[in-house]
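Colleague: I'd like to learn how to read a model like this one. Could you walk me through it, feature by feature?

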Amino acid sequence: MYKGWPSSLHEMLRPAYPGMLRNVRRNMYHLVLVLDPSKKEAFEVLRMAESFYIHKAPVRIGLVFAVDRDAEKTGFKEAGVAALEAFNYVAQEKSPYEGLSFLTEVIANAMARGHQDLQPSDVIDHFKAKFIPHKKAEEVEDVFGADSAYDTGRQLAWEFIQRTGLGSSFPKALLNGVLLKEAHLTGDYFEDAVLTEIMKQTPPLQKAIYKGELTEDDDILDWLMSKSTVMPRLNRVILGLDKQGTGQTKDKFVDFSGTPLKPGKKESAVDYSGANINDLQATMAAQVNL
């Protein structure tokens with residue numbers, strides 16, 4: 001996909017029409033989608049991801065499948081697990097893009113049947129028709145059965161989600177670590193949300209290239225991760241994000257209106273025992289070096 005594009009970072013400094021993406025053979029923009037491919041909320045996001053690839057948008061796309069983590073659930077029982085296993089099979093045997101294309105084909109067929117979410121049969125039947133036309137039961141069992149070699153990444157995906165603090169409601173989308181609003185993860189808004197975020201992140205990259213802070217020898221992903229604006233994880237308490245995906249937030253304030261306490265000569269915990277919480281918070285604020 002990148003072969004015909006220039007590799008020099010200085011291409012980012014060339015004049016371009018407003019809203020035009022610059023095609024440079026470097027991984028500058030990373031779109032990570034966290035979703036359960038069997039749920040209707042993920043359908044449009046996956047289709048738009050395929051559209052980005054087809055239209056050669058200069059965006060590196062990563063998929064994190066947040067499917068049922070119960071090891072006892074197989075692809076025959078759980079549609080999300082079936083989608084994961086089928087994607088892994090196609091990605092390994094063909095290519096990751098063909099794995100994504102397979103999922104969008106399954107989604108289109110399921111929607112044509114009027115299904116809200118995917119059923120295991122939607123995935124397995126299409127897989128049989130496309131890759132195992134003779135419907136050999138043992139080959140299907142190898143992919144979707146209890147001992148499937150393609151049931152990989154389930155636990156790793158959840159470990160990633162827990163480490164990054166993304167919560168438990170999906171889909172989620174991050175562009176270079178910036179979390180896009182959940183309200184924008186629909187067919188009507190998703191493309192515009194991604195392009196808007198790219199446009200927002202382009203000027204800092206251009207400035208760094210112009211000033212020589214980002215050079216041809218730099219790994220751009222490492223450079224991005226070194227920035228102080230990049231958060232390694234989301235703290236839902238500090239950021240006031242909704243709890244458990246309820247859509248409701250509660251503002252949290254720390255009251256510093258108390259009176260700072262004067263500790264004793266030795267300054268032990270006894271000096272502060274019996275004080276109210278407001279005075280303790282004011283004391284802490286007074287001792288912070290700003």
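Predicted model: local features only at pLDDT ≥ 70, side-chain atom pairs only at ≥ 80, totals over all residues.

Colleague: Which residues of α1 and α7 meet?

Modeller: Val 45, Met 48 and Phe 52 on the α1 side meet Phe 190, Glu 191 and Val 194 on the α7 side. By class, that contact of α1 with α7 has five nonpolar residues, no polar ones and one charged.

Colleague: At what angle do α3 and α4 pack?

Modeller: Helix α3 (residues 96–112) and helix α4 (residues 120–131) pack at about 120°, and their axes are 10 Å apart. That makes α3 oblique to α4. Their crossing is right-handed. From α3, Phe 102, Glu 105, Val 106, Asn 109 and Ala 110 take part, and they meet Asp 122, Val 123, His 126, Phe 127, Lys 130 and Phe 131 of α4. The residues in this contact of α3 with α4 comprise six nonpolar, two polar and three charged.

Colleague: And how do α2 and α3 cross?

Modeller: The axes of α2 (residues 79–93) and α3 come within 7 Å and cross at roughly 145°, and the crossing is right-handed. Helix α2 brings Ala 83, Ala 86, Phe 87, Val 90 and Ala 91 to the contact, while α3 brings Pro 96, Glu 98, Gly 99, Leu 100, Phe 102 and Leu 103. Nine of the residues in the contact of α2 with α3 are nonpolar, one is polar and one is charged.

Colleague: Let me step back. How many helices and strands does the protein chain have?

Modeller: There are 10 helices and four strands. Read from the N terminus, the order is β-α-β-α-α-α-α-α-β-β-α-α-α-α. The chain has 290 residues, and 38% of them count as buried. Among contacts with a separation of 6 or more, 61% are between residues 24 or more positions apart.

Colleague: Now single residues. Is His 30 buried or exposed?

Modeller: The cut-off for buried is under 20% relative accessible area. His 30 has 10%, so this residue is buried. His 30 lies in strand β1 (residues 30–35), and its side chain reaches the backbone oxygen of Asn 27 at 3.1 Å. Leaving out residues up to four places away in sequence, His 30 touches Arg 60, Leu 174, Leu 175, Asn 176, Leu 221 and Leu 224.

Colleague: Asn 176 turns up in that list. What is its phi?

Modeller: First, the background: most residues other than glycine have a negative phi, and most peptide bonds are trans. Phi of Asn 176 is near 50°, a positive value in a residue other than glycine. Asn 176 sits in the loop between β3 and β4 and is buried, at 14% relative accessible area. Lys 56 also has a positive phi, about 55°, and is not a glycine. Lys 56 is in the loop between α1 and β2 (60–65), and at 45% relative accessibility Lys 56 counts as partly exposed.

Colleague: Which residues are joined by a cis peptide bond?

Modeller: Phe 170 and Pro 171 are, with omega at about 10°. Pro 171 is in the loop between α6 (154–164) and β3 (172–175).

Colleague: What caps the N-terminal end of α10?

Modeller: Asn 276 does: one of its side-chain oxygens lies 3.1 Å from the backbone nitrogen of Asn 278. Within α10 (residues 277–286), Asp 279, Gln 281, Ala 282 and Thr 283 are buried.

Colleague: One last point. How far apart in space are Thr 196 and Gly 19?

Modeller: Their C-alpha atoms are 8.4 Å apart, although 177 residues separate them in sequence. Thr 196 is in helix α7 and counts as partly exposed, at 47% relative accessibility. Compare that with Ala 183 and Ala 193: they are 10 residues apart along the chain, and their C-alpha atoms are separated by 9.9 Å.

Definitions and conventions:
Residues numbered from 1 in each chain as written. Heavy atoms only, no water. Buried < 20%, exposed > 50% of the residue type's maximum accessible area, 1.4 Å probe, protein only. Helix = DSSP H or I, 4+ residues; strand = E, 2+ residues; numbered from the N terminus. Polar contact = N/O pair within 3.5 Å; in protein donor to acceptor, adjacent residues only side chain to side chain. Axes fitted to C-alpha atoms, helices over the stretch in contact; angles between N-to-C directions. Parallel < 35°, antiparallel > 145°, perpendicular 65-115°, else oblique. Left-handed = near helix turned anticlockwise from the far one by under 90°. Contact = heavy atoms within 4.5 Å. Nonpolar A, V, L, I, M, F, W, Y, C, P; charged D, E, K, R; others polar.
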